[in-house]
Every structure is written in structure tokens, then in C-alpha cells.
There are 2 protein chains.
Amino acid sequence: MAPAEHQSEDTILKAAHKVFLSRGYHGTRMQEIADEAGINKALLHYYFRSKDKIFEAIFLSSFKNFLPQILEILDSDEPFEKKINTFFSKYLDLLIKHPHIPNFIMHEVAHNPEHLQSFFKKHFESKPSKFLRQIKEEMDAGRIEKQDPKQILVSMLALAIFPFAAKPILQIVLEMSEDDFKSFIQERKKFLPEFVMRSLRKI
Amino acid sequence: MAPAEHQSEDTILKAAHKVFLSRGYHGTRMQEIADEAGINKALLHYYFRSKDKIFEAIFLSSFKNFLPQILEILDSDEPFEKKINTFFSKYLDLLIKHPHIPNFIMHEVAHNPEHLQSFFKKHFESKPSKFLRQIKEEMDAGRIEKQDPKQILVSMLALAIFPFAAKPILQIVLEMSEDDFKSFIQERKKFLPEFVMRSLRKI
DNA sequence: GTCTATATAGGGATAGAC
DNA sequence: GTCTATCCCTATATAGAC
């Protein structure tokens, strides 16, 4: 890539990412993206034709960080218990890097569910089918309690994602400062694998 | 209350509730609320002075369904294990009745965290302090594993709330129809208390 | 209390100079 | 490529008749 050529485009995307993720589609003003990027409104339309086009780019890149990367981990060949550890460790790290993604995705998706179906099919065929099968195998082998595998998967996602989506509320209810919250999440990396495995393990 | 007097006001509130919860503050048009209520735009301003005022009313009533009612259950005098059961059973029922509240609250709160602090202090002093103490007591009595009580509380909230916030995504990833999702949630009422208690119980 | 009509502002998008 | 100026539609809000 030529160095200066795409500089503005990247600057715009970074700015747009920041604004869209903190304000949502309808809360975002093109002016604010321009200010954040240190350029003019007109330039936004020069690079991307419309607000919609910029949004699409941001949404796509965000979504890729929200689910597919993680589903891949779940579909790896690691043994079960090891995989639970890897999952929480990697997912929490990812969420620490992009803490606003859960809210952003869930909000936008809830308001355009029609688009999601085709969008999903277009960009990711990855389903957590291998992981769901793996859970079944563990059950059949008598190593974990018989449960609906989907309930387990959704629970794992919930335990990892929810604290980031509900952060401001949790901070108030539990009287946590920013630092408190940070160490709460760090603690959670250790807490969650144990929490889940203790629940699953046959006694 | 006089019968006809407040009819329009109620109609407006019901319509506003529906529109705000499905579209969010910035996605909501006064025109759509008016249409939904079967009245004129101007009438909205006659009853409530501005969009902000209507929103405030809706947000307040929604928030009351999202947290305080549940924190109350947690601060009751029930014994521990019974309380875990009551919590999930009542909370899931509440969320079935108001499935859009989690997304709505979390989205709006994330974008106006400044307001939340004073808002929360004004309307609810209820903190889950009794429940957190109760967890500690169970630990001290040797009935459950020693853990950070806050991690447990947040996990319980996550397990209950997340599926509603992430519903459209889950439906696609797990290939669930509306009916599938409904029964998934019904199943979850039984699944969650066991899931949590198995994890906590000392072995 | 409820309507129609209108004022006013805000924000996405374009024209055109440089 | 980047800017200033401006168009134009949309949305909140108000005025005023009934």
C-alpha cells in the first residue's frame, strides 16, 4: 500500500469506529466523525459515499471481533477442559481490547434483524457445531452431567460478554471505580473456567 | 382517576414505550409515536413538553423493571438455595414479559453514564448488600466454595439477562425459530438454578 | 383537548473553488 | 485530495383555529 494514499481513509475509519461504537448509528453525527478525524465533513463523503457506507464498514469489522473469532476457538481440536480455559482467557482479552462492541452489536442487530440473516450467511459459515458435539461426547463418556449443550454454550457467552455490556450499571450497583472494574475482569479470567467446570463436572 | 381524562396520556405512554424500546432514543421519531398512538404529533407536545420528557418517563418505568425489583428478591429473607431458585424463576418471567428492556437500558445507559449516577441515587437506594453478605455466610458455614461474592452475583445476572439482549444473534448462530427460543428460555428456568448451585456447592 | 399549518434547527449530502 | 459554502429534507417544536 502506498503510504500517504490511504492515510485519510484509515483516519476516517478509526474515527468512525470510535464514534459509532460509543453513540450507535442514529446517535452518530457525520460532523462528530469529521471532528474526531480532524478533517472536513465533505471529505467523509468523498471517501465513503454515505453515512450508511461508513457504518457498514464499521459494523462488519466489529462483528468479526464479536463472534466468529471466538466460535473458531470453540471449534478447535483442544481437549474439553483446556478449551474452556482458552475460551475465557482469549475472549476476555478480546473484550478488554474492544469493550464497547457487545452493546454496539446487540443494539444495532436488535433494530435490523432482517439484515442479520443474510449478513451472517455472507460472512461467516462458522457454527459452533463441533463444540456442541464435543460437549455431547463428554456427556456420553460420563465426564460431565447431561445437559442441553446449547444452554451451556449460551451460558459461557453470557458469563463472558455481559459484564462489558452492563458495565456502567454494575459499577454503580457494586460501587466499583474504573480500577475496581479492571481488576474485577482480571479476576474473572480465573473465576469463570472454574465456575463452569465445577458446574459441569460429574460428582 | 377520572376515566376519559388520562386516556390520551396513557395511550401516548404505551405507544412511546413500544417505539422507544424497539428503536432507542435517537432512532425514535415523534411521528412514529403519534401514529402508534393514533393521534397527532402536536398532542404529544401538549401532554409532555418535549421528546426528552416522554423519554424520561419511559426510561424510568423500564429501569424499574430491570433491576430494583430483582435486587429486592435478592435482599429477601429466604434461605440461600431457595432464593437462587426464586431469583431465576421470577427474573426470567419478568424478562419474558419485557424482553426488550435489557438492550434498551444497557444501550441508553452506556451513552449517558453521567446521568445514571444521580438517577440511580434518586430512585433506588436498594443495593444487593444483604445477598452479598448471605453468600459470605454460606461460605463461612462451609456450605459453598469460597469465591468473590460479586463474581457470583454478576454471573447470575449475566446468565439470566444475556439471552434476551443477544436473542437475534443467538437465534441465527443456534438456528432457533421463535418457538425454539421460547422453549429454550423455559428450559433455562430449570437449567440455571442447578447450573449455579452445582458450581457453588462444596464437594 | 385535538387538529392543521408553520416556524426553526439540525444534519446528510453536493457543488465548486483551490 | 481537501476545503468552504450551500442545498434540502427531516424532525422537533410552536401558533392558532376549532
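A salt bridge is a side-chain nitrogen of Lys or Arg within 4 Å of a carboxyl oxygen of Asp or Glu. In this predicted model, the count of such pairs between chain A and chain B is 0.

The side of chain A that touches chain B draws on several helices. Helix 1 (7–27), helix 7 (101–111), helix 8 (113–123), helix 10 (149–165), helix 11 (167–173) and helix 12 (178–200) of chain A each supply at least two residues. Helix 10 of chain A gives the largest share, 13 residues. By residue class, this side of chain A comprises 36 nonpolar, 12 polar and 10 charged residues.

The extent of the interface was computed next. The size of an interface is often given as the accessible area lost when the parts come together. Between chain A and chain B, the buried area is about 5,200 Å². Carbon and sulfur atoms give 72% of that area. In terms of residues, 58 from chain A are in contact with 59 from chain B.

The arrangement of the two chains was then examined. Chain A is superposed on chain B by a rotation of 180°, with 0.0 Å of shift along the axis and an RMSD of 0.1 Å. The two copies are therefore related as by a two-fold rotation axis. Both copies use the same surface, as 100% of the contact residues of chain A recur in chain B. Within chain A, the residue that comes closest to the rotation axis is Ser199(A), with its C-alpha at 2.0 Å.

Key: Residues are numbered from 1 along each chain as its sequence is written. Chains are lettered from A and ligands numbered from 1 in the order in which they are written. This is a predicted model: local features need pLDDT of at least 70, side-chain atom pairs count only at pLDDT 80 or more; totals for chains, interfaces and linings use all residues. Side-chain values use heavy atoms; hydrogens and water are left out. Copies are superposed by least squares on the C-alpha atoms of residues with pLDDT of at least 70 in both. Contact means heavy atoms within 4.5 Å. Buried area is the accessible area (1.4 Å probe) that two parts lose on being put together, summed over both. Helices (H or I, at least four residues) and strands (E, at least two) are DSSP runs, numbered from the N terminus. Ala, Val, Leu, Ile, Met, Phe, Trp, Tyr, Cys and Pro count as nonpolar, Asp, Glu, Lys and Arg as charged, and the others, Gly among them, as polar.
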